[in-house]
Amino acid sequence: MLVPRAGGGTGRSPPALAALSQVLRLGRSRRDGVVFPLQKLERYLAPGTDTAPFHLFQPGLAALQRAEAFFRSGPHHLIDYVSSAVRMDHAPPLALPEVCFIGRSNVGKSSLIRALFSLSPEVEVRVSKTPGHTKKINFFKVGKYFTLVDMPGYGYRAPQDFVEMVEDYLQERHNLKRTFLLVDGVVGLQKTDHTAVEMLEEFGIPYVMVLTKIDRASRGLLLKNVLEIQEFVKGKTQGCFPQLFLVSSLEFSGVHLLRCFVAHVTGNLPAVEDS
């Protein structure tokens, strides 16, 4: 959860590689791996593997730079916690395009939100040490451009009314542009993730899968999970964007690309040029 610190400012510098300008100082191989971690895996795939879904969203440098500006707060562009809700009648009114992040408890959702907003020193991201601790829907306004929504984690210690809460949100938020379904990159799709997919498919909600914690997975394990999920998406889903997004909130791999995708699906980067 993001909470503004009293008095503004945290007194901390952004972490290494949080800004695209820092990534661009790296050698080409490492730089490409940070920005496009999924494509970095291609060289290890067997000949004949379908890699078309690896390149569906491949923005150029200019688009990545424009996207970063949405996640960097300033005097005329504030990133604010708006409110929390346990029922939809407590949710803020529909106004801006919206994206939500959903996933199993302890999948790294709060850590990813912290990474996305790491360039905004006046907000503090609190990462719960207790799985399933977040039991509210938290809304964050990103300037005048979009709202980012942090959903409660499902699975371990999830609140009993989680399903009802999430179903109401998904069906009633007509400004919802994309749901980001987070999956642990080490363990891959779990039974609870399949339940979430079924719910999104039933409601006709467009969504994308994001593999978290990729820095903790060996290359072989990550390849296995990527290919299994890619096959699942191709054969079992209708509303899922075919390209997976791989992220490491610790190393910032994939974070810059995900920022760009969020800006794109909320209508703030309507034309994203290819590299």
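## Basis of the description

Two strands count as paired if DSSP finds at least two bridges between them. Helices (H or I, at least four residues) and strands (E, at least two) are DSSP runs numbered from the N terminus. The model is predicted: local features need pLDDT of at least 70 and side-chain atom pairs count only at pLDDT 80 or more, while totals for chains, interfaces and linings use all residues. Residues are numbered from 1 along each chain as its sequence is written, and side-chain values use heavy atoms, with hydrogens and water left out.

## The sheet

An open sheet of mixed pairing is built from seven strands, ordered β2-β5-β6-β3-β7-β8-β9. Because β2 (79-85) and β9 (245-246) stand at the edges with a single partner strand each, one side of each has no neighbour in the sheet. Two bridges join β8 (residues 207-212) to β9 in the parallel sense, and valine 210 has phenylalanine 245 of β9 as its bridge partner.

## Helix α9

Helix α9 (residues 255-265) packs on the sheet, in contact (heavy atoms within 4.5 Å) with β3, β6, β7, β8 and β9.

## The nonpolar core

A nonpolar core is a set of buried Ala, Val, Leu, Ile, Met, Phe, Trp, Tyr and Cys residues joined through side-chain atoms within 4.5 Å. The largest has 46 residues, of which Phe101, Leu112, Leu116, Phe180, Phe245 and Leu258 touch the most other members. Its largest share, eight residues, comes from α9.

Note on methods
Axes fitted to C-alpha atoms, helices over the stretch in contact; angles between N-to-C directions. Buried < 20%, exposed > 50% of the residue type's maximum accessible area, 1.4 Å probe, protein only.
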